[in-house]
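Biologist: Please put the model up, and I will ask about it piece by piece.

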Protein chains: 2
Amino acid sequence: LKELRQISVIGLGLLGASLTLAVSRLLGGVKAVGYSHRRSTREKARAMGIAHEVKDDILDAVRDADIVVLATPICTFEEIMGCIASSLRPGCIVTDVGSTKSLPHKWAAKTLPKNVHFVGSHPIAGSEQRGAEFGRDDLFTNANCILTRTRTTNAAALKRVRKLWHDLGCRVSIMAPAEHDRLLANISHLPHVTAAALVNASSPRDMLMAGRGFIDTSRVASGPANIWADILITNGPNICRGIERLSGELEKLKKAIRKNDERQIEKLLDSARSKRARLIQHKLKHREILS
Amino acid sequence: LKELRQISVIGLGLLGASLTLAVSRLLGGVKAVGYSHRRSTREKARAMGIAHEVKDDILDAVRDADIVVLATPICTFEEIMGCIASSLRPGCIVTDVGSTKSLPHKWAAKTLPKNVHFVGSHPIAGSEQRGAEFGRDDLFTNANCILTRTRTTNAAALKRVRKLWHDLGCRVSIMAPAEHDRLLANISHLPHVTAAALVNASSPRDMLMAGRGFIDTSRVASGPANIWADILITNGPNICRGIERLSGELEKLKKAIRKNDERQIEKLLDSARSKRARLIQHKLKHREILS
């Protein structure tokens, strides 16, 4: 594998800042460069020392990079790729941390020069918080990270990106963009839509009496609306199918409740309980969560 | 207020065990007596020392009680009330920790002697865990506790129960059973149904890649199925209305996604985000959650 000397991260929100922090701490000898289009974010990032260098100009930021990581809202990717294309070194790898992958691959194929390699990355980590101030150098420790490849993906670049996330503490898997987007619709985008719908279905007055159940069930709905709107818009069909499946399950429960069918209610609840128990067992075993 | 000498708790699961522990720790001079119909639970409770005394016989457990607290699944209340009715002292107060209130009030009116007073209690505390081993003496600290009263509720008994929960660290409010059941359907029972439906809509294989978002959104679905079936069955109409409201919100999001209407998607997500932000502010201010 080619030696890694510089990683440049575009966008210094929760994920971007965590990435520059993790690179600085875990990858000896690799320079972590950051860029944000907001002056205030750049100043905050410098004051916090989250990267070796924070650049004022995006082209300066990417010029010497071996790997450029896009950590901005997905719908900015195409424009950013177009903007940086001619400033990237031959052999440079562009990757990202976005939550959908089909469109980014299309944009990269359309926009990036032939001697620059795109690989999709999706570290499944983060929280409902936003901003560099929530960056953590251990955000990726024991996280799953999905890499996406197409038939034209450069094998060495894929290997290089896999090593990067592995070195940052992730369990890496590789799949096609379409499979990634189907999977993530189910385990991440649908829960987000569900949480938002639950809050929107609740009156602010009632919510004041809510306990931990409501608070946890709705947590992800506190995520940044613009970032999530980009995710939903770039994975529409998969998410709509998920909403239909969820509505079907809600309908099943409603019918059982309407019919006072305690056995069927208990069966549906117990199916969820035991499925989730297996999930938690798996997560504990792989140290993705702590007991 | 009449002096409190003995509280007897029927059912030693998470809530019952936490209650005997909290009474023992926080209410000096009050004897905490526990009972479970399961021998293994009684033995576990004795070994853990969660109450001053654990009785083998339910009538022995309630005979000298000033307050009897039902901490069993709701659908057992009517039978237990009938069983203990003739062993209760005149002036004894019966209350509970159940999550629905309309039916318990009806059962109490039908079953308990005139000289025994029923007040509904619902400390909004707990978790998805079950069993005495998860009991915590601080479970009720800073929790909301809703008391329910009807036109016939004895005022002194209500006052006595209010002081009990206040002394255990709760913020107490009082309402009619129907209002309680409407409110709880929205802030607790609907989130439970939602979480269960979300898990049931997901494939076990996909779930293995889930991150914290899915795990938190689905947490309450790990709650005991029999206890939750009783809750859903005793609050059916309110929960069905909630499911319809939620389905309507999901439909709104689906339509916006289908139409690629980024502005509408962002508006819906941002409405949820800001509503939840106000909720979290309120909870932090009242120390119901920690930052």
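Biologist: In which sense do S4(A) and S5(A) run, and how many bridges join them?

Modeller: This is a predicted model, and what follows is computed from it. In S5(A), A:Ile93 is the bridge partner of A:Ile67. S4(A) and S5(A) run parallel, and the number of bridges joining them is four.

Biologist: Which residues of S5(A) point one way and which the other, and are they buried or exposed?

Modeller: A:Ile93 and A:Thr95 point one way from S5(A). A:Val94 and A:Asp96 point the other way. Buried means under 20% relative accessible area, and on that count all of these residues of S5(A) are buried.

Biologist: What is the order of the strands in the open sheet of chain A?

Modeller: The sheet has six strands, with parallel pairing, and its order is S3-S2-S1-S4-S5-S6. S3 (53–55) and S6 (117–118) of chain A each have a single partner strand, so one side of each is left without a neighbour in the sheet. The strands at the edges are therefore S3 and S6.

Biologist: Which residue in S3(A) stands opposite A:Val33?

Modeller: S2(A), residues 31–35, pairs with S3(A) in the parallel sense, over three bridges. The residue of S3(A) opposite A:Val33 is A:Glu53.

Biologist: What angle does the direction of helix H4 of chain A make with that of S4(A)?

Modeller: H4(A), residues 77–84, packs on the sheet and touches S1, S4, S5 and S6 of chain A. Helix H6 of chain A, residues 155–167, lies across S1, S4, S5 and S6 as well, and runs at about 50 degrees to S5(A). For H4(A) against S4(A), the angle is about 150 degrees.

Biologist: Where is the kink in helix H7 of chain A centred?

Modeller: H7(A) covers residues 177–200. Of its 24 residues, 20 are buried, so H7(A) is largely enclosed by the rest of the structure.

Biologist: Which residues touch the most other members of the largest nonpolar core?

Modeller: That core has 128 residues. Leaving aside neighbours within four places in sequence, B:Val68 has contacts that include B:Ile10, B:Val62, B:Leu88 and B:Val94. The residues touching the most other members of the core are A:Val68 and B:Val68.

Biologist: Which three residues of chain B supply 10% of the area that it buries against chain A?

Modeller: The contact between the chains involves 81 residues of chain B and 81 residues of chain A. The two chains bury about 7800 Å² between them, with 66% of it on carbon and sulfur atoms. The 10% share of chain B's buried area, more than any other three residues supply, comes from B:Asn200, B:Met209 and B:Arg276.

Biologist: What is the phi of A:Asn260?

Modeller: Most residues other than glycine have a negative phi. A:Asn260 is in the loop between helices H11 and H12 of chain A, and at 51% relative accessibility it counts as exposed. A:Asn260 is not a glycine, yet its phi is positive, at about 55 degrees.

Biologist: Is A:Ala45 buried or exposed?

Modeller: A:Ala45 is in helix H2 of chain A, residues 39–48. Not counting residues up to four places away in sequence, A:Ala45 touches A:Leu12, A:Ile50 and A:Val54. Its relative accessible area is 1%, and the cut-off for buried is under 20%, so A:Ala45 is buried.

Technical notes
Residues numbered from 1 in each chain as written. Chains lettered and ligands numbered in written order. Predicted model: local features only at pLDDT ≥ 70, side-chain atom pairs only at ≥ 80, totals over all residues. Heavy atoms only, no water. Pairing = 2+ DSSP bridges. Helix = DSSP H or I, 4+ residues; strand = E, 2+ residues; numbered from the N terminus. Contact = heavy atoms within 4.5 Å. Axes fitted to C-alpha atoms, helices over the stretch in contact; angles between N-to-C directions. Core = buried A, V, L, I, M, F, W, Y, C linked by side-chain atoms within 4.5 Å. Buried < 20%, exposed > 50% of the residue type's maximum accessible area, 1.4 Å probe, protein only. Bend = angle between axes of the 7 residues up to and from the residue. Buried area = accessible area lost by both parts, 1.4 Å probe.
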